[in-house]
Protein chains: 2
Amino acid sequence: MDMTERKLKILQAIISDFVRTAEPVGSRTISRNYELGISPATIRNEMSDLEEMGYLTHPHTSSGRVPSEKAYRLYVNEMMGRKELSADQKEEIARRLYDNVTELDNLIERAAHVLSEITSLTAFALSPAKEMEKLRYIDLIPVDERTVVLMIVSESGKVSNTAVQLDRPASEETLRILAKNMTYNYSGKTLSEALRSDIIRNFREDAEAMAMFENNIVPGFLRTLENMLNVNLYMDGLSNIFSIPEYSDIEKAKGFFDIINRKEEIRKKLIERDDGIIITIGGENQDADLAECSVVTATYHVDGKLVGKLGVIGPTRMKYDEVTSVVEYLTDNISKAFMITGGD
Amino acid sequence: MDMTERKLKILQAIISDFVRTAEPVGSRTISRNYELGISPATIRNEMSDLEEMGYLTHPHTSSGRVPSEKAYRLYVNEMMGRKELSADQKEEIARRLYDNVTELDNLIERAAHVLSEITSLTAFALSPAKEMEKLRYIDLIPVDERTVVLMIVSESGKVSNTAVQLDRPASEETLRILAKNMTYNYSGKTLSEALRSDIIRNFREDAEAMAMFENNIVPGFLRTLENMLNVNLYMDGLSNIFSIPEYSDIEKAKGFFDIINRKEEIRKKLIERDDGIIITIGGENQDADLAECSVVTATYHVDGKLVGKLGVIGPTRMKYDEVTSVVEYLTDNISKAFMITGGD
DNA sequence: GTTAGCACTCGCACATAAAGAGTGCTAACA
DNA sequence: TGTTAGCACTCTTTATGTGCGAGTGCTAAC
């Protein structure tokens, strides 16, 4: 059976109506509310065809039609236009994103918040992966006899540090040598290179320094690198789930929270996703628990180096055009916002 | 009407049964399952008295009795014993608390997690208030011509820092002088003193240093202090709410999440609460949205200086004895755990 | 003071009925 | 040949009625 122009229009009308109301839509509704100039009977015939083609389903004999995942996929791929955000919306988003942000992670967290509020869905955002960040500078700052602070500065200016307790007192001179050596050995290396590579030990001539390096500094160094590499997952708008009719059933709501609680898993899944705007619909999500959800993600870049993701998770019946636009606008603006506020 | 020994026993039986089953309890149930040696009819008479005294309520004429808030209050104040945790439970808690913790905040977050799992309720924990923390050491570390890292180390060893962009290049000498001065002026002061006090400017002799100090260092200093003072609220076990019959109604569940979402408010409320173990039952919580919940909080101390809170929120029908014991055990162990793992 | 007995009250689960929305088919029409 | 009106049929939803069970409150006897 061929897809005709008219079938497409009817399908679009059905999707649009169902997205709005969450109720199966009947032929009369389409005929009344969408000016296609054809009678309910004709629409019924077309609907019957569309069902045979796999674009519609029938909850039961005597109810309206519901778009299938195949229909959403067609809609997203072929029929959906970008919904340009209004100037007001853009301003609102920008204002809230730019407001008083001092840390990149902070900005990302806020992006999740804004995203969830605008879409009324559950939003998430991943702080940037820093594998490709390069080390710039390493220092050991004596605080007291047995305490030094190990500080690592990355090329993008991110600072991280740990207080390290020493076995034995260290002279400032020793610390200076160690720090200088580490900076020399590691600056220009990426964080993951530094973490994976064998620790470079080239002060064998100084037994004292060497012992301390081995026992105290190296563990602290690795710990700090790991901290810097950590990717945080922020989620927001969890309670939005309750305003979605699909989840008015307590069991389903519970199921949703069960998914959402497995943060570690989500984090991994997100990291695996391809770059750019990705929409997965229902069963396209490997996870069986997500079979009734769609996920929209987009990738942001800061400085062309740091890379992270954000997006929303909601019922397959979501406003893909709107959501896509907001997600895109946010990612486009994240690096911009961050430069303006001049965070570290 | 007087409270008698027997009435107390019956009330305790009713509370205990209702806490377990969430169903109104009838006279037969009490007579069968609790060996009080009296018949249902007698129990009915006593129940009737207890109702008149305000300890029981009656959902409708032909159903069992439900304890009132007044009953829970009596129970908590007079009848409840501490439920000693089993050695196994203690070990389990300790193991999970001590496991691989490197940061205090981390430990607190985990405490919330453990607490929610053990009680099957929603748990929260507040990272310690650091108002009383004293500054130990301040340093300015040059990274490149226009970038320095401002580092603050507190007496308990917590390190915090910000990268500061400079208007103009600064000599290492200038930075050294500034850092030395700041350490001299602020070490021994508490964080909040440092934040509130006027900035001390005593290098008027050096116009160059002074200008940089004013324009770049001071804002970074204040920002860092504020960061250090920030109190984080961790919540865990949100989805536990779904296994509580009281919240099988979607509207109530939604209401619960509405409360939980107002993190800022919760944080403030928690900070205001008195020290020690505090139990508020139903309407005793000012917040109308919490009128059907009870909140149990306890205070922990680290090093006798840092102070924070943790606790649970659940239905008025909760196992107060168990919850109290767990909460108490956790707070007692937090500082201990932290010393053992040798965190910063 | 305690207890057995019994009438009475509700709430709940279940069945049944009526209403409403929507389809699918048939036959007529342009 | 495509479109439409008409109508029987299906299935869900909502309202209504009924019986059952749990539990009380009262009375009278112990």
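Predicted model: local features only at pLDDT ≥ 70, side-chain atom pairs only at ≥ 80, totals over all residues.
I started with B:Glu246, which forms a salt bridge with B:Arg317, the closest N and O atoms being 2.6 Å apart. B:Glu246 sits in the loop between β7 (233-236) and α10 (250-261) of chain B, and B:Arg317 in the loop between β10 (306-315) and α12 (320-341), so this pair ties together parts 71 residues apart in sequence. I checked accessibility too: B:Glu246 is partly exposed at 24%, while B:Arg317 is buried at 9%.

Then I went to chain A. I found A:Lys7 and A:Glu46 joined by a salt bridge, 2.9 Å from N to O. Their positions are 39 residues apart, with A:Lys7 in helix α1 (residues 5-21) and A:Glu46 in helix α3 (residues 40-52), so I filed the pair as a link between distant parts of the chain. Buried or exposed, I wondered about A:Glu46? A:Glu46 is buried, at 6% relative accessibility, and A:Lys7 is buried as well, at 5%.

B:Arg96 and B:Glu92 meet in a salt bridge at 3.0 Å, N to O. Both are in helix α5 (residues 87-98), and because they are 4 residues apart there, about one helical turn separates them. B:Arg96 has 19% relative accessibility, and since buried means under 20%, I count B:Arg96 as buried. B:Glu92 is partly exposed, at 30%.

Last, I noted a network of salt bridges in chain A: A:Arg262, A:Glu265, A:Lys269, A:Asp287 and A:Asp289 are linked in it.

Terms used. Residues numbered from 1 in each chain as written. Chains lettered and ligands numbered in written order. Heavy atoms only, no water. Salt bridge = Lys/Arg side-chain N within 4 Å of Asp/Glu carboxyl O. Helix = DSSP H or I, 4+ residues; strand = E, 2+ residues; numbered from the N terminus. Buried < 20%, exposed > 50% of the residue type's maximum accessible area, 1.4 Å probe, protein only.
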